[in-house]
Amino acid sequence: MTESPHSNKFLCINCNAPSSSLYQEYSKDVIRITECNRCGELVDKYVEYDDVLLIMDLILQYIGAYRHLLNNTNFKGNLRLAVIFIFCGAYNKWIDRRAIHGEALSHIYDLEWNFYECLILTIIEFLVFDATILGVAYFIDKEKDGERLWFITKCSLTGFYGNVFVLLSIVWQLHREWTYRILTQIFILFSHVQVHRTIFSGRSTTAALALICASTVLQKAVVYYINASLFRSKAY
């Protein structure tokens, strides 16, 4: 992830004040992080952090880490990550179906078709969630240009990164543990809250939580209806 020191679009990760730079480069190996004119803290301490430390702070739900990632970097892999999150989410649903139906899904064709169903449902789930966020943003956000809406779309997709925990569940044989599933869903919920606290910096945590809960309920209801009416399955 790279930062440009010559931009007026940076934001302080502590108070969200705009900044013209993240750091000043004195030589190839010496830089000085810019101090915020409003709060006096470093504009973005994560400039000097390794990516591993940044990921750890994201997992710990530090709002500063989210503000750094979404506001102060030129990261352009959101759509590629979204594809990974969708496949992980689909695989998670597929495991659920196998756990519920057992031997009824033992044939390879049944397993393959059920994975495609889960993939379609996951894509719909992402679309409904994102559409709900965009709809709310259109009415409450002062900026309604295409660039702003695209920024909100990309950031909203980032909140699903907890879906990759399904890979860890396979390694540690946790995919059938309901405790793990509940904790994963709670983690994804709080990730979305932090993302939207970053996007809509003027909104309270309570407002962000209410928005995410409403969007989650709507996406689950739509996916359940489609699943029950088209695929005639109650596995999800």
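Me: In this predicted model, does Lys220 count as buried, exposed or partly exposed?
Reply: Buried would require a relative accessible area under 20%, and exposed one over 50%. The relative accessibility of Lys220 is 29%, so Lys220 counts as partly exposed.

Me: Is Glu125 buried or exposed?
Reply: The cut-off for buried is under 20% relative accessible area. Because Glu125 has a relative accessibility of 6%, this residue counts as buried.

Me: Which residues do salt bridges join into one network?
Reply: A search of the whole structure finds 2 salt bridges. In one of them Glu125 pairs with Lys93, with 3.1 Å between the closest N and O atoms, and in another the side chains of Lys220 and Glu125 meet at 3.3 Å, N to O. Lys220 lies in helix α8 (residues 205–230) and Glu125 in helix α4, 95 residues apart, so that this pair links distant parts of the chain. Through shared partners, the salt bridges join into one network the residues Lys93, Glu125 and Lys220.

Me: Why do the buried residues of helix α1 lie on the same side?
Reply: In helix α1, which spans residues 51–59, the buried residues are Leu54, Asp57 and Leu58. They lie on the same side of α1 because, around the axis, they cover an arc of only 105°.

Me: Against which helix do the buried residues of α1 pack?
Reply: The buried residues of α1 are Leu54, Asp57 and Leu58. The element against which these buried residues pack spans 63–71 and is α2.

Note on methods: Residues numbered from 1 in each chain as written. Predicted model: local features only at pLDDT ≥ 70, side-chain atom pairs only at ≥ 80, totals over all residues. Heavy atoms only, no water. Buried < 20%, exposed > 50% of the residue type's maximum accessible area, 1.4 Å probe, protein only. Helix = DSSP H or I, 4+ residues; strand = E, 2+ residues; numbered from the N terminus. Arc of directions from axis to C-beta. Contact = heavy atoms within 4.5 Å. Salt bridge = Lys/Arg side-chain N within 4 Å of Asp/Glu carboxyl O.
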